[in-house]
Amino acid sequence: TVEETLVLIKPDGVARNLTGEILARIEAKGYQLVDLKLVQPDRELLSQHYAEHEGKPFYAPLLEFMESGPVVAIRLAGNRVIEGFRSLAGTTDPTTAAPGTIRGDLGRDWGLAVQQNLVHGSDSVETAQRELALWFD
Ligand code: CMP
């Protein structure tokens, strides 16, 4: 079934000029860019987006990192795109993410308190709806 998901190119991806490389992988896979924008997220948006991580040790560094620069927000569509984009992205830790994935090929550990892992993708239909409502319209 056709799904929509929220993809973010995080501040590290934008700052490292990997936006084109990451978009190329998404487009080559065949998913549809429905909407796309460059955003400077504020604390309010980020605290809602990351509400489930409140209280975790990486929460404060995560918000600080995510507000450190512009982010590319993408509304992405396709059959099973939620699962498909997460597969393209690779696992959370870029050090061990499989080669061939965005995080595995382009990410690494920079010795920081937060994992800078280039991209975000919604993890379920419910999360995707909630996150798309936060970042778009
Ligand atoms: P993401 O899965 O998009 O959303 C939560 C983010 O928190 C995650 O990407 C990483 O950037 C970061 N993160 C998750 N787990 C850890 C961890 N154990 N240590 C540091 N950062 C983390």
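This is a predicted model: local features need pLDDT of at least 70, side-chain atom pairs count only at pLDDT 80 or more; totals for chains, interfaces and linings use all residues.
Reader: What makes the phi of Asn17 worth a mention?

Author: Asn17 is not a glycine, yet its phi is positive, about 60°. Most residues other than glycine have a negative phi. You can find Asn17 in the loop between helix H1 (11–15) and helix H2 (19–29). Asp137, in the segment after helix H7 (125–135), also has a positive phi, about 45°, without being a glycine.

Reader: Why is Asn17 called exposed?

Author: A residue is exposed if 12 or fewer other C-beta atoms, placed from the backbone, lie within 10 Å of its own, buried if 20 or more do, and partly exposed in between. Asn17 has 8 within 10 Å, so Asn17 is exposed. Asp137 has 7 C-beta neighbours inside 10 Å, so Asp137 counts as exposed too.

Reader: How do you know that the buried residues of H2 are on the same side?

Author: The buried residues in H2 are Ile22, Arg25 and Ile26. They cover an arc of only 95° around the axis, so they are on the same side of H2. That arc is taken from the directions from the helix axis to the C-beta atoms. An α-helix has 3.6 residues a turn, so residues three or four places apart point the same way. The face of H2 turned away from this buried side carries the exposed Gly20, Ala24, Glu27 and Ala28.

Reader: What do the buried residues of H2 pack against?

Author: Their partners include strand E1 (2–9), strand E3 (71–79) and helix H5 (81–89). Two residues are in contact if their C-beta atoms, placed from the backbone, lie within 7 Å.

Reader: How do you know that the chain agrees with a compact globule?

Author: The rule for a globule is 2.2 Å times the number of residues to the power 0.38, with the radius of gyration taken over C-alpha atoms. With 137 residues this gives a value near 14 Å, and the chain has 14 Å, so the two agree.

Terms used
Residues are numbered from 1 along each chain as its sequence is written. Helices (H or I, at least four residues) and strands (E, at least two) are DSSP runs, numbered from the N terminus.
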